[in-house]
Protein chains: 2
Amino acid sequence: MVYERVALIGLGLIASSMGHAIRAAGLAQEVRGFDIDASVREEARDVGFCTEVCDTLAEAVSGADLVVLAVPVGAMAAVAAEMAPHLAAGATVTDTGSVKQAVIAAVGPHLPEGVHFIPGHPLAGTEYSGPRSGFATLFRNRWCLLIDDGVDPAALQRLRTLWEGMGANVDAMDAAHHDVVMAVVSHTPHLIAYTMVGVAEHVRRVSDSEIIKYSASGFRDFTRIASSDPTMWRDVFLTNKDAVLDILGRFSEELFALQRAIRTEDGPLLHDYFTRTRAIRRSIVEAKQDTAAPDFGRSGGEAR
Amino acid sequence: MVYERVALIGLGLIASSMGHAIRAAGLAQEVRGFDIDASVREEARDVGFCTEVCDTLAEAVSGADLVVLAVPVGAMAAVAAEMAPHLAAGATVTDTGSVKQAVIAAVGPHLPEGVHFIPGHPLAGTEYSGPRSGFATLFRNRWCLLIDDGVDPAALQRLRTLWEGMGANVDAMDAAHHDVVMAVVSHTPHLIAYTMVGVAEHVRRVSDSEIIKYSASGFRDFTRIASSDPTMWRDVFLTNKDAVLDILGRFSEELFALQRAIRTEDGPLLHDYFTRTRAIRRSIVEAKQDTAAPDFGRSGGEAR
């Protein structure tokens, strides 16, 4: 038992997975939930990953020793302002947003003295959203990043224990570094996937049915990423703007260099580039951050 | 039994999968194999997906009623020239290259009168290469495209029957259209994945270990694609240059439009774009060209 009463605010993929995982591992006495959307609350009651789904934010957070904000980054400030008067003294507030500097700026000013704010970001998810999409093992062997700039060490340790209890590995870092790292490994890849899917839709000489039928040749992996929650991703790009624009600039430079190599038929440059990128895949599989099964195991081949 | 004797030339992922599939389904009496690399021939003998692995190209193709060129596109011309004198009259020659106009230009002129040339392209593969990477179900429920510009209908039908026997769906189209479609659904996505992985390696503020540990947040899907065979992909870009450069131009335009929306903080444009790209994913899953399981099933969630 790590906390007495956890309040999950925003009952989508992350909160529902946390609810399942916390209850499966017995990490809290009570898990309260709240969502601004009444139909989502209804679904959440149906699924049953909370001990109680409350009809108001105030009721959900009052008496909680851990409050988890799992709402879109753009909604964090309003939620923080509304719940602040109802927070218990000594409570910890954390979040699960994909950017950290913007969340700190949005949430921090609203929180009363004596409440610990420890921003967090579980690097886990699927392309599905909503209270029915969660499952207890989502965080298993995934990383959760906690932001440690000036936070209370005991409160940090307790939150770390919760995440570890849900199966995650925990790293602590500062918010600015978090945002740069995510621009590289998550935000820019998502924008590029969205772009490629958008381009495919617009090429008149290729029909939609051809794009769909022949997608297994590479394109379908992009469509999975590009089917993630639109509101969440809009907020990510608006709130981690500087880091994403920086990485996008580098991406364009690099893409133009390869494009030029194709135009000038520079075979050795291309071969060399494609050889170097192979090594990083090997490291990811060795670090158990992806399966070694060919094609993610989709086509029935065996792991090697 | 569709053919008497099939000759597989170039014993990598595709040929080894064909060998396994042909033998599992009893689609040919005999499957001969040849690879220019003696160590690959040795491995292929070990794995046993051919009835016989020959030490010369001439021996492999002589007496075959189907010859499959599964070598890199850049090697097609040389292989065709060398094998031409040894082909049986009435034999069918096909290939499995990812581009079709360049293969036709490379192979066609070398083939003697009376030999049917039907270019082909199975849209199947994994990120692995070599004679040990093949498996019998690789083509199951995947598409194989056959090029039908001026080919013999009976020879086409026979080759179609072979591919269907290996579990594939077959579509016929002309070579120019094939190359544009592939530039959209395969070649440009691969180049972009290679580029993104290259960028990540170069960002000094983010360590290699961070890229690897935190890759589950999007990046790892790019690394799988970017670990495909470098020689094959170099040849693809050099030989489908015009179509790839065209699609890359559109990609850059589109990326700049999204980049501008981030810079000007145009939330509605981003949200609208990210919503439209969701629909295409649904269609791909409905067409059974990908799994509906969250995260390709990697994280343990269930298909919905």
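How many residues of domain 1 of chain A are in contact with how many residues of domain 2 of chain A? The views below belong to a predicted model, in which local features need pLDDT of at least 70, side-chain atom pairs count only at pLDDT 80 or more, and totals for chains, interfaces and linings use all residues. Residues are numbered from 1 along each chain as its sequence is written, and chains are lettered from A in the order in which they are written.

**View 1. Domain 1 and domain 2 of chain A.** Chain A is divided into domain 1 (3–173) and domain 2 (177–265), with bounds that come from an automatic or database domain assignment. Between them, 14 residues of domain 1 are in contact with 15 residues of domain 2, contact being C-beta atoms, placed from the backbone, that lie within 7 Å. The centres of the two domains, taken over C-alpha atoms, are separated by 29 Å.

**View 2. The open sheet of chain A.** Six strands, which are DSSP runs of E with at least two residues, follow the order β3-β2-β1-β4-β5-β6 with parallel pairing, where a pair requires at least two DSSP bridges. The edge strands, β3 (52–53) and β6 (116–117) of chain A, each pair on one side only. Strands β1 (residues 3–9) and β4 (residues 66–69) of chain A are joined by four bridges, and Leu8(A) has Val68(A) as its bridge partner in β4(A).

**View 3. The contact of chain A with chain B.** Chain A contributes 97 residues and chain B 96 residues. Helix α7(A), a DSSP run of H or I with at least four residues, gives the largest share of the chain A side, 20 residues.

Definitions and conventions:
Two residues are in contact if their C-beta atoms, placed from the backbone, lie within 7 Å.
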